[in-house]
4 protein chains.
Amino acid sequence: MASVFGERVRVSVFGESHGGGIGVVVDGLPAGMEISEDALYSFMARRKPGGSPFSTPRKESDRPTILSGLFEGHTTGFPLCATICNTDTRSGDYKALSDLPRPSHADYTAFLKWQGQADMRGGGHFSGRLTAPLCVAGGIALQILAQKGIFIGAHLLSVGNAKDQPYPMLPDADTLLAPGQKAFPVCDDRCGEAMQAEIMAAAKEKDSVGGTVECMVIGLPAGLGDPMFEGMENRIAGAVFGIPAIKGIEFGSGFGCAAMRGSQCNDPFCIDENGKIATETNHSGGIQGGITNGMPLRFCVAVKPTPSIGQPQKTVSLSGHTEETLVIQGRHDPCIAHRAVPVLEAVTALVILDLLAEQ
Amino acid sequence: MASVFGERVRVSVFGESHGGGIGVVVDGLPAGMEISEDALYSFMARRKPGGSPFSTPRKESDRPTILSGLFEGHTTGFPLCATICNTDTRSGDYKALSDLPRPSHADYTAFLKWQGQADMRGGGHFSGRLTAPLCVAGGIALQILAQKGIFIGAHLLSVGNAKDQPYPMLPDADTLLAPGQKAFPVCDDRCGEAMQAEIMAAAKEKDSVGGTVECMVIGLPAGLGDPMFEGMENRIAGAVFGIPAIKGIEFGSGFGCAAMRGSQCNDPFCIDENGKIATETNHSGGIQGGITNGMPLRFCVAVKPTPSIGQPQKTVSLSGHTEETLVIQGRHDPCIAHRAVPVLEAVTALVILDLLAEQ
Amino acid sequence: MASVFGERVRVSVFGESHGGGIGVVVDGLPAGMEISEDALYSFMARRKPGGSPFSTPRKESDRPTILSGLFEGHTTGFPLCATICNTDTRSGDYKALSDLPRPSHADYTAFLKWQGQADMRGGGHFSGRLTAPLCVAGGIALQILAQKGIFIGAHLLSVGNAKDQPYPMLPDADTLLAPGQKAFPVCDDRCGEAMQAEIMAAAKEKDSVGGTVECMVIGLPAGLGDPMFEGMENRIAGAVFGIPAIKGIEFGSGFGCAAMRGSQCNDPFCIDENGKIATETNHSGGIQGGITNGMPLRFCVAVKPTPSIGQPQKTVSLSGHTEETLVIQGRHDPCIAHRAVPVLEAVTALVILDLLAEQ
Amino acid sequence: MASVFGERVRVSVFGESHGGGIGVVVDGLPAGMEISEDALYSFMARRKPGGSPFSTPRKESDRPTILSGLFEGHTTGFPLCATICNTDTRSGDYKALSDLPRPSHADYTAFLKWQGQADMRGGGHFSGRLTAPLCVAGGIALQILAQKGIFIGAHLLSVGNAKDQPYPMLPDADTLLAPGQKAFPVCDDRCGEAMQAEIMAAAKEKDSVGGTVECMVIGLPAGLGDPMFEGMENRIAGAVFGIPAIKGIEFGSGFGCAAMRGSQCNDPFCIDENGKIATETNHSGGIQGGITNGMPLRFCVAVKPTPSIGQPQKTVSLSGHTEETLVIQGRHDPCIAHRAVPVLEAVTALVILDLLAEQ
């Protein structure tokens, strides 16, 4: 029951890295919404590997087949199912690993939980490849939200020690979506060059590097969300940790708030230039008491370095109970933070669409 | 439906700051577990205000009445309900505020969501006072977990710029629980003095200050949790943001991972001194692929400064649509991070008890 | 997690028959709805025992205390908690029974599930007394629905072999609510006399008797409900079996449909006298494909005879594993079907309020 | 969110009658269970149309493709997805109907709910064809349960006025499963002939006929289920009404209990021939207080006549708001009750597997 989230818009992800196929069912989409399959493929291309030296050379044909829920370019109101075939898999690469869990992968915990019964070839259901169907579902959600004037954008905020400019406090849709239209999703391309240099440096040393991603949502109605355990933070965090490799999330000024005084951190109310109630700062990230206040919703996540690296690593033999050295063969990303950018937009879109469906 | 969380152990919190009473129902506790009411009251005393210069002087009689679910010192297996009366409330303090939302409180978002219909005296259902029933529920959960060899401890990791020592990588139960037995919950009392100085300095300037809290769980079975959207991180984060003022959460090395190389961040497997499989480091925080690996589960949260401060602040009149200056009267904590410590333990205990009930 | 139902309006029932008290939390009520406590007490009086020779002489002071969620006669938008004290309990009556499970009660299954650890005095959490808090929650829901033009009524359709007249196909609100305003909730009082004679006859022989209840909802918007597993039937049935002693439910012509031809059972569409689309018959009970069609929603339930009877019965000793004879002392209803009438209205109201909250 | 059910074993059904395909995702299956695809196809053949004069001549190639969750004949522990292509569809048959809702179908309620936006060709997502993926999921669940010694069987108890013999009170597995191995699923073949005569008679008159189905589960552990809203009855009823055309359900003696005395209806406890606690009768249907008591779980459902009949019927024009006469062309079953038999077994198996996963 773990690969499911959402209350009124329910997303159910399935598939293993080296099985017959992967996919997603989305139950609860509104009927009659226009969906462009081309726009969907463009969105999906953003997470696709193989497109650049910064990504794994495994070539996926991530083109989904939509079995249900779409008819003549519109949602039918019934559950949408999309499947993606698995083709370019090389199980041989992983076979020897089954006894030697890769550090900081789910190999060992899956072994414990399923007592060796789970199909873990290629990472099984834990594979980053499972983010492709999330992007199908989320790509559709993004199109629906855009029709309601809600836009979600994200960009790489840092890679290793190289940093991008953050979004401005009040971005318009163009500014928000600009990084997603670039080959490397940053606000400031010079910053992006420094980040790419960090990735190349790590790759050269058969190593990998982590990063952070900033995400913002504009156009959200104020008054959205619920108190306590169903606040915006709870819902977004509860879903976002389903993206592999995410290890932290913060809303508004987040961990920065912890070092602030109240007089700095509080967002004073004002009447803005359009005569609407707004706040002068947005340390709250657009959320108070779990409920949106009309300012942009903002959060950042931390993405750990790809755990698959080419260097020899210490591990243990599960059968022999001995310490061993492991060299992971195969094809791996020196960084996954930039590929996490569209996935984060996708998951955020699904959470928000779910919430709107409850109103 | 917002004040409810958990799947098999379901917690439902109720009450408004200035209504007849507050409380909690916990459905799904195991039957026949021994519960000490004295130990429960001691635990609750840890979040109680009025005990020190660092907290609000409002005196709560937080003694809960347990209406059901306990019989002769044991859980009955049926839903437990505990209620706490509201006595020392001064609604006059808040009356004038109803038209002037306090910055970075839920006043404005509640006004938007309920169109002015919600009873927001004293913060209403958003009041920090609602963490008292959470502590009743969580205090009981902690006792049940301790009987299963599972211990949860937390401490203030920082206040403003003053920092405590983190827990050691492999704490025993005594080390873990030691901060909770002090008047000021830190590992290193000299660090605690610096933190208290930060709080006093803020108070003196009619200001407040934020902080971070580190939480650890030991004794958890390995293999606990589920992939994707029901991982340990999802479940804990999804609940923890229900605690007022929390703005961020990170697991293991969290945001620190983002600046690391994979070769640093990966936790190499080893055979430990007891001959068990372990990891040499714990950047993963005891979780891989959403599932526990047998190492201590570790996470940190960011707590923003108390939004109620004595300084004049900018706000708006909801009726007049004009910018106004607000001076909040009444009694407020210059810091709530140390009071969040037992609440964090409580919520974590409930999440883990829920998860164990599903196995 | 068993004593909870609803998605957006979530009801959590607590308490044991002989514990400190019983009650309910309702999370998700709309804010600002006017609630009359007098009307609520009148509604609750309908299920109260001790009012007539047809009911147990146990006198309950079922007056609830509302701790939260109501302020100055209006819902606050936050969770409502109501508690009812347990006073007139005589645990002595039940003590000897703990080793001798009462036939067709939950004593034995509770013993199996909780291994003797549950507090089963007076039936524990399984007691019919727990329907009192359901009536608090449902009585409030009924008031809210009435303000939206939705009315729910029920009456005894049969007791033993004595039958009442069914509701007309298209009742107005007065007709629907009339039985609930009588001491004995039937449409036709002469039928009611025959039913009462059945109850008296059973009581005289230290026996009990079952019955059926018909329930109808008018004023529902058409198009309410969802396909497949969240249809109106699924939701109502999923909740209604939470009322003790209910053993069957049928919608529209229900089991009667099984013996019909399609040409009889299909409801032909027509334009009614007000120019609206309607159906000429209502074998569907106002539901097609799980969704309301604008006709009255109709269903019936079967209520088994009170399992507590004064006659000697065969049972077993749980400790001795021997067959024994049991004579149940204490105070018991010769029929509970008429007391189930308001409870059925209450639960139905909660299901519908929940569904409306999702729209 | 309507086409989803289950808590720990979660079933998500998708597809429209005339879309690209239909299917199911089952999340939460245990890992390492042996599944025979041949046995699954045999099970699915039981609901397949086209096999007899009693069913629609539409030929479906119901052979599912299993995309994930199975590897080398064993469950992987990850979500299982099975898809079935739609091939033999003739949308022309239904096109004219879009303005003339078929009586007692979901056409009109779907029109109301989705304002004409849903793809309702062939009944859309409401089509009986969607029970095929339910049989994939349930067929796998039945295999898993059988490995645990739990067997589920069902048979036609009546068609129109013709009745089968009920199952004996304590059937063995062979007796339970025997009807399912026949072309016409009854206990007593002579009764089956009378039923088939009823179906043929209805077909001859371009009419259809309803029926009832009895279902039993043996081998269930005692003590399974939960009180109040998560009892066995709630869970089974909550799912079973997801099967199209079911209008009623009763447990044990069900509606028959309503006419009984307590002294008849109560199930006296005894020590059975194996020295185990049992009951002498089973009016409770194996459930007390929502929890299994170790006796066979028994329930019956009412299936209405197929609403599609060849006779002219009264309907209305949605666009013209006039009364019209409708003649449904196309291929339809004169009875669907016998095809509901395996579907009922399938859904019951999924509910029970879900419940076992929670223990």
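"Contact" here means heavy atoms within 4.5 Å of each other. Keep that one in mind for the chain pairs later on.

Okay, some housekeeping. This is a predicted model, so local features need pLDDT of at least 70 and side-chain atom pairs count only at pLDDT 80 or more, while totals for chains, interfaces and linings use all residues. Residues are numbered from 1 along each chain as its sequence is written, chains are lettered from A and ligands numbered from 1 in the order written, and side-chain values use heavy atoms, with hydrogens and water left out.

Let's start with chain A. It has nine helices and 18 strands; those are DSSP runs numbered from the N terminus, H or I of at least four residues for helices, E of at least two for strands. The C-alpha atoms fill a box of roughly 70 × 50 × 35 Å along the principal axes. Among contacts between residues at least 6 apart in sequence, 70% join residues at least 24 apart.

What about cover? Buried residues make up 67% of the 359 in chain A, where buried means under 20% relative accessible area (1.4 Å probe, protein chains only). The accessible surface of chain A is about 11400 Å², and 51% of that belongs to carbon and sulfur atoms; the areas come from the Shrake-Rupley method with a 1.4 Å probe, and for residues only the protein chains shown count as cover.

How many residues of helix H7 in chain A are buried? Nine of its nine, across residues 232-240. Among them are Met232(A), Arg235(A) and Val240(A).

Now the copies. Two copies of a chain are related by a rotation about an axis and a shift along it. Here copies are superposed by least squares on the C-alpha atoms of residues with pLDDT of at least 70 in both. Chain B goes onto chain A with a turn of 180°, a shift of 0.0 Å along the axis and an RMSD of 0.0 Å. In chain B, the residue whose C-alpha comes closest to the rotation axis is Gly238(B), at 2.2 Å. And 100% of the interface residues of chain B are also interface residues in chain A, so these copies meet through the same surface.

Chain B on chain C: a rotation of 180°, 0.0 Å of shift along its axis, RMSD 0.0 Å. These two copies are thus related as by a two-fold rotation axis. The same surface serves both here as well, with 100% of the contact residues of chain B recurring in chain C.

Definitions and conventions. Buried means under 20% relative accessible area, exposed over 50%, partly exposed in between (1.4 Å probe, protein chains only).
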